[in-house]
Structure formats: structure tokens, C-alpha cells
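Me: I would like to learn how to read a structure that is new to me. Please take the features one at a time.

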Amino acid sequence: MVIRVFIASSSGSVAIKKRQQDVVRFLEANRIDFEEVDITMSEEQRQWMYKNIPEERQPAQGNPLPPQIFNDDQYCGDYDCFFEAKESNTVFSFLGLKPTLASKESEP
């Protein structure tokens with residue numbers, strides 16, 4: 001299983017850049033293996049991301065914005081979903097991973 005974070009390295013939006021950094025830093029700090037996929041460098045990857053986000057999670061207008069998070073081909077969510085999971089200390093479940101001992105999720 002590989003966590004894949006779809007990002008846009010050349011985004012002009014400061015908010016998108018901060019959100020991408022927040023996800024990446026959290027994964028690095030918690031030693032969660034992940035792969036960054038830059039959709040600005042690969043049209044194929046961008047189209048794959050768009051196609052694999054469930055219809056109910058698509059925005060009403062436009063395309064989904066990065067960061068978008070997948071576990072292999074399984075969609076986990078966008079930044080808002082990640083943030084909610086982080087706030088409730090359920091990121092491992094959100095990512096489809098087994099919780100670590102330090103996680104609230106590992107408690108009975």
C-alpha cells in the first residue's frame with residue numbers, strides 16, 4: 001500500500017500550497033511512507049486523479065483541487081477530509097492504515 005498525495009508544484013494559490021505542505025509535513029513527521037504526484041508535470045496523472053475521485057466528492061464547479069489523497073487506487077479524501085481526520089486523531093483510519101501505538105485509534 002502506498003499513500004499518494006496529488007499536488008500541484010506550480011500552483012499560484014498560497015492556500016493550496018499551505019494545504020499541500022500541511023499534508024506532506026504531517027506524513028513525514030509521522031513516518032508514513034508516501035509518494036508525491038505532481039499533476040502539473042503529468043497530464044496523465046492529472047486525468048487519473050480526476051477520474052478516480054468519486055462523483056459525490058467532485059466539486060459542483062470546476063475540477064478537484066490538490067491536495068488529493070489516495071491509498072494505492074483507493075480514494076481517501078481531500079484536504080478538508082484530511083484536516084477533520086487530523087483534528088479527531090483518526091488519520092490512520094482515513095488513510096486506510098493500521099494505527100500506531102501513539103494514535104488514539106489504537107485504543108480499545
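Me: How many aromatic pairs does a search of the whole structure find?
Reply: The model is predicted, and the search finds eight aromatic pairs in the whole structure. One of them joins F70 and Y75, with 5.1 Å from centre to centre and 65° between the planes.

Me: What is the pair of F70 and Y75 called, given the angle between its planes?
Reply: Planes over 60 degrees apart count as edge-to-face. At 65°, the pair of F70 and Y75 is edge-to-face.

Me: Are F70 and Y75 buried or exposed?
Reply: A residue counts as buried when its relative accessible area is under 20%. F70 has 0% relative accessibility, so F70 is buried. Y75 has 13%, so Y75 is buried.

Me: Which residues form an aromatic cluster?
Reply: One cluster is made of F26, Y79, F82, F83 and F94.

Me: Where does the charged end of R4 sit?
Reply: It sits over the ring of W48, and the distance to the centre of that ring is 4.4 Å.

Me: Next, the overall layout. What is the order of the elements from the N terminus on?
Reply: The chain has four helices and four strands. Read from the N terminus, they run β-α-β-α-β-β-α-α. The radius of gyration is 14 Å, close to the 13 Å that the globule rule gives for 108 residues, so the chain is as compact as a globular protein of that length.

Me: What box do the C-alpha atoms of the chain fill?
Reply: Along the principal axes, the box is roughly 40 × 25 × 25 Å. Of the 108 residues, 38% count as buried. The accessible surface is about 6,900 Å², and 47% of it belongs to carbon and sulfur atoms.

Me: How do I read the contacts along the sequence?
Reply: Start with contacts between residues at least 6 apart in sequence; 56% of these join residues at least 24 apart.

Me: How many disulfides does the structure hold?
Reply: A disulfide is a covalent bond between the sulfur atoms of two cysteines. The structure holds zero disulfides. C76 is in no disulfide, and its nearest cysteine sulfur is that of C81, 9.7 Å away.

Me: Where is V91 found?
Reply: V91 is in helix α4, which covers residues 91–95. With 3% relative accessibility, V91 counts as buried. V91 and M1 are 90 residues apart along the chain, and their C-alpha atoms are separated by 15 Å.

Me: What is the peptide bond from P66 to P67, cis or trans?
Reply: That bond is cis, with omega near 0°. P67 lies in the loop between α2 (43–52) and β3 (68–71).

Me: What is phi of R31, positive or negative?
Reply: It is positive, near 50°, in a residue other than glycine. R31 is in the loop between α1 (14–29) and β2 (34–38), and at 75% relative accessibility R31 counts as exposed.

Me: And what is phi of D72?
Reply: D72 is not a glycine, yet its phi is positive, about 55°. D72 lies in the loop between β3 and β4 (74–78). With a relative accessible area of 33%, D72 is partly exposed.

Methods:
Residues are numbered from 1 along each chain as its sequence is written. This is a predicted model: local features need pLDDT of at least 70, side-chain atom pairs count only at pLDDT 80 or more; totals for chains, interfaces and linings use all residues. Side-chain values use heavy atoms; hydrogens and water are left out. Rings of Phe, Tyr and Trp (its six-membered ring) pair if their centres lie within 6.5 Å; planes under 30 degrees apart count as stacked, over 60 as edge-to-face and the rest as tilted. Buried means under 20% relative accessible area, exposed over 50%, partly exposed in between (1.4 Å probe, protein chains only). A charge sits over a ring if NZ of Lys or CZ of Arg is within 6 Å of the ring centre and within 35 degrees of the ring normal. Helices (H or I, at least four residues) and strands (E, at least two) are DSSP runs, numbered from the N terminus. The radius of gyration is taken over C-alpha atoms; the globule rule is 2.2 Å times the number of residues to the power 0.38. Contact means heavy atoms within 4.5 Å. Accessible areas come from the Shrake-Rupley method with a 1.4 Å probe; for residues, only the protein chains shown count as cover. A disulfide is a pair of cysteine sulfur atoms within 2.5 Å.
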